[in-house]
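Here's a structure to explore together. Take a look, and then let's walk through it step by step.

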Amino acid sequence: MKRTTSYLRSAALIGVLAASFGSVANAADLRFALADDPDALDTKSNRAQTGLTVLTVMCDRLMWTDSKLTILPGLAKSWSWSDDGKELTLDLIEGAKFQDGTPFDAEAVKINIERNKEKGSQRADDISTVASVEAVSPTKVLIKVSEPSAQLLSKLADRVGIVFSPTVIKELGDNLGRAPVCVGPYKFVERVAQDRIVLEKDANYYDAAKYAFDKVTFRIIPDDAVRLANLQSGELDLMEKLDPSNAATVAEDKNLQIIPMTVLNNQTVVLNLNREGPMKDPKVREALEMALDRQAIVDVAFAGQYQAGNQFVAPDSPFYNADFPIPARDPEKAKALIAEAGLQEPVPLKILVPNRPLSVRVGEMMQAMGTNAGFAITLDVVDFATTLKLTDEGNFESWGPIGPQFANDLDTVAYPVLHSTGGRNLSRYKSPEMDKLLEATRTATDPAKRMELFKEASALAVKDRPVLYLYHQKPLFVATSKLKGFHATGDGFVKLDGMTID
Amino acid sequence: MFGFLVQRVLAAIPTLFIISLIVFSLQQLLPGDPALVIGGGEASPEMLAQIREQYGFNDPFLVQYWHWITNVMQGDFGVSFRTREEIGPMLAAKIPVTLTLATAAMLVSLVIGIPAGILAAIWRGRGWDHAVTVAALSGISIPNFWLGIMMILLFAVHLGWLPASGYVSFFDDPIQSIRTLIMPAIVLGAGLAAAMMRHTRSAMLTVMRQDYVRTARAKGVAEKTVILKHAFLNAQIPIITLATLQFGTLLAGAVLTEQVFSIPGVGKMVVDAVFNREYQAVQAVTLLSGAAFVLMSLLADVLYFVANPKLRTKTL
Amino acid sequence: MSISVSAPTAASDKAPSQFAWLARRFIRNRAALFGLVIVGLFVILAVFAPLIAPFDPIKTNWSMIRKAPSALHWFGTDELGRDVLSRVIYGARASLMAGVVSVLIAFTIGVPIGIVSGYIGGIFDTVVMRIIDAFLAIPFLIMAIALAAFLGPSLTNAMIAIGISSAPIFARLARGQTLVIKVEEYIEAAYSLGVRPMTILVKYIFVNAFPPLLVQSTLAIATAIIAEAALAFLGLGQQPPDASWGSMLNAGRSSLSLAPWMSIYPGIAIFLTVLGFNLLGDGLHDALDPKD
């Protein structure tokens, strides 16, 4: 017995010793944990959100957006449209240098925009209206568009607005993402795939004084619990994507702070209208909506941290159409609608669910909700690559929760999903009326008019239900309570100017 | 000795060739259209056709295999679709990580398995023997990823003694490196420690029945000397063989351990690659681990040969 | 795990007495008996799950999410308010089925290949064994993951993937046994009596190779149960809302600090079942091993 105690004591002692050897963070460094391994650090091939998280810390953009989606100056200090809305002139800042020393000028901007238009570029659709780019002078760029474009500025405030060094573009070509060089506060040092990306401060950056950290290390930790555990034990300063169900625990921790981010996004169930089956009938789609309790999904799956919704924008957005509030769950009405459609209960429905714990949780809830509202829902949990194949072939009944993760313009969350030619229109929804409305938003340069058009499109989507909007994510960041000055771009990416750790 | 080696190496070549064929067929097996993954959700049909052309997805199987194997021979494993990084250097950066983990796990298993096995053999049929046998079976029966989760829960979340995950190179920060390695090494080594213990026990039992051990005992040699000098020296041959062969198994076991502890090694790379449909990365890892296994078997043969004096004198 | 062969018996009339002898040897082995009891208990849980489980395993209760173990919910509730105990009980079905079915698949593919290859011998045998060696060189789990990903995530596909990946071991073992058995005198005798090769393969070689194959099967079930759990843990196994122990571990992972019971109990269930099969396999091995 006595011996056991002494063993325990020495074990505890070893533990204490081990703990005291914990690495001491250099106050001038930032350790930021990401949930996914970023894809290519190159705007031309970037598709995933995490890639842009890293690029946003590294690079300036031609323009920025704020949380109200107002366009702010960046590498372009000002701009002006021609009267016919077909020519955009950008005035660039002077004296800036790329991280490799190459001077930043209009020619570099031209090279980059043209590169983003090339075949195979993921950005080609973003700037499909751009007809030509001219470097009028070293600080003046003239962009000509084929038709007035309401969303072009938003695109220049998104990935297209990141400008890479022409020297490096020439050197690395499509492999630019291996060692990107742009104009921005932090330069690329190294990347160990699935482990970390290291950046260091660029002393030549024109606004370097605003940045406190000498070094930024992104750690890639996909496991939600492990990421949080590392932050709690002091191995990290900041992390993204807190599992909302942990929010309550974190809120009690005096050493940590939760920072919710408001981003334009939505999560939906996509209904395949092109497939023979019950979902072709608008009444059945309405019945499905009646079966769902969106607030319950938000409360149970996301601990109330996200926001329920029924349109492509959240209910508190100025673009939300208040004439169509979130309908309450009504299982009886759902059953009545199924009977009206001449179908037998339960109506079978197969939902493709992305293979992520939180998505599966939502899927399981929808399944349970369907059970006493006239539906027999089965879930088909598949990984991302298989989903791409199935949805591309149109070989699915419904798919969700899925939707655009971030955007700095309404066009991004509406047009690709709802327009008959949209790249993400996987429900194969074809409505001439909707097409007309969405096309009109693209050329409407008057913001008030544009807002009206989006509200009309929202009303139409609510009526036709090609997708059922479920909720809006509010990505949760967690930081040590010593971190001050956290702020983000309008599309939800962290910027480090003014951020410090005491 | 030399002839024996040559013979073994020659025999390994067809095996390696067949492994490469199997590994390459995996590409055909993986679902999903790689062109769709590369092109992303928004790719137009023309763009997909261009991607298929560019990557040679339209070529017949054997042509694709030929391109691949000739590139691999030159050390070119292709480029990741997703990050545009070269797979060869990526893999090269991950191999030391997994090797470090596997070596640490091997150490854990030797330090626990061999003494426990020897003691169990000495006290055969007594309490200690039963205890060790039960412990060993438990070690084999525990799913190592679950053991990992439980250790994270206890030592990282509750007690806060050890970091929950990650990997730090020994050369960057030795102390932190060891701290991060403790849990994964135990998790990965537990099963092997159990196997090692069982093997040591049975090897020792076999040896202790042999005449020369009995003779030594009869001559009045001290029991400790009998056990360590006579019995263990001879029992180590099968143990060495097992340890070498099991090194390959460790590499495979690392798949889940690395997943649980977010260790950026080869195992994590292959799982991520399977889910991202990174065919070339899957092929590279599978081929390499197959080759490593063949190499280890070869090494086991050689060690067996070297460690076994009787065999050596016979052939020399 | 290689097994030394027991003295082969050709005459089937000796079987009952030999069986009784084996049964006695087996029962005297307390550890093996313990294994049998564990396995038996889990089989009972799986078969009578609807009668034993206190709750419907897929019934959600959103006012009871992540509740700690209590008198009502002995193992607590999960992230959708389902009863963890009931899910563990029902999960026994998926895990046991995965273990048994995948080993049956491996056995059915591997054993005929091994016996035929060993029986024919010569170049054919050399080529087949090279291929088997190559398969064995590819890590089992990597192979299973790739196959399961190819087939798509489901319990059935996980079983197929595990079955195919473990087939080479059975081929290797069956072939080794065949090589030993085929030079026995009674085989020669059967030959000279004009017994057809097919009959020799099945009635003499397979029957005599069966005991070590049975031991291997028992141990392989243990491995297969862990493999299924591993695949489900990676999201490649049983699909929601049905439970398997691996998928429960996968779901529990994100609530590790919030609801550790979601991870603890399914893990213990896997551990006990696998331990049971390992004890059973060891016991069978000892009972069949003439050395002691």
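Two residues count as being in contact if their C-beta atoms, placed from the backbone, lie within 7 Å. Keep that in mind as you look at chain A in this predicted model. Take the contacts in chain A with a separation of 6 or more: 67% of them come from residues 24 or more positions apart.

What is chain A built from? Its secondary structure comes to 15 helices and 23 strands. With a radius of gyration of 25 Å, close to the 23 Å that the globule rule gives for 502 residues, chain A is as compact as a globular protein of that length. Its C-alpha trace spans about 90 × 70 × 35 Å along the principal axes, and 53% of its 502 residues count as buried.

Now let's see where chain A meets its neighbour. Here 39 residues of chain B are in contact with 38 residues of chain A. On the chain B side, the elements giving two or more residues include helix H5 (87-122) and helix H8 (174-208). The largest share, 4 residues, comes from H11(B). Sort that side by class and you get 19 nonpolar, 10 polar and 10 charged residues.

Finally, hop over to chain C and find helix H4 (residues 84-120) and helix H9 (residues 197-233). Their axes come within 8 Å and cross at roughly 145 degrees, and the crossing of H4(C) and H9(C) is right-handed. Among the residues that meet there are C:Ala98 and C:Phe107 in H4(C), and C:Leu213 and C:Ile221 in H9(C). By class, this contact has 18 nonpolar, 4 polar and 1 charged residues.

Note on methods. Residues numbered from 1 in each chain as written. Chains lettered and ligands numbered in written order. Predicted model: local features only at pLDDT ≥ 70, side-chain atom pairs only at ≥ 80, totals over all residues. Rg over C-alpha atoms; globule rule 2.2 N^0.38 Å. Buried ≥ 20, exposed ≤ 12 C-beta atoms within 10 Å, placed from the backbone. Nonpolar A, V, L, I, M, F, W, Y, C, P; charged D, E, K, R; others polar. Axes fitted to C-alpha atoms, helices over the stretch in contact; angles between N-to-C directions. Left-handed = near helix turned anticlockwise from the far one by under 90°.
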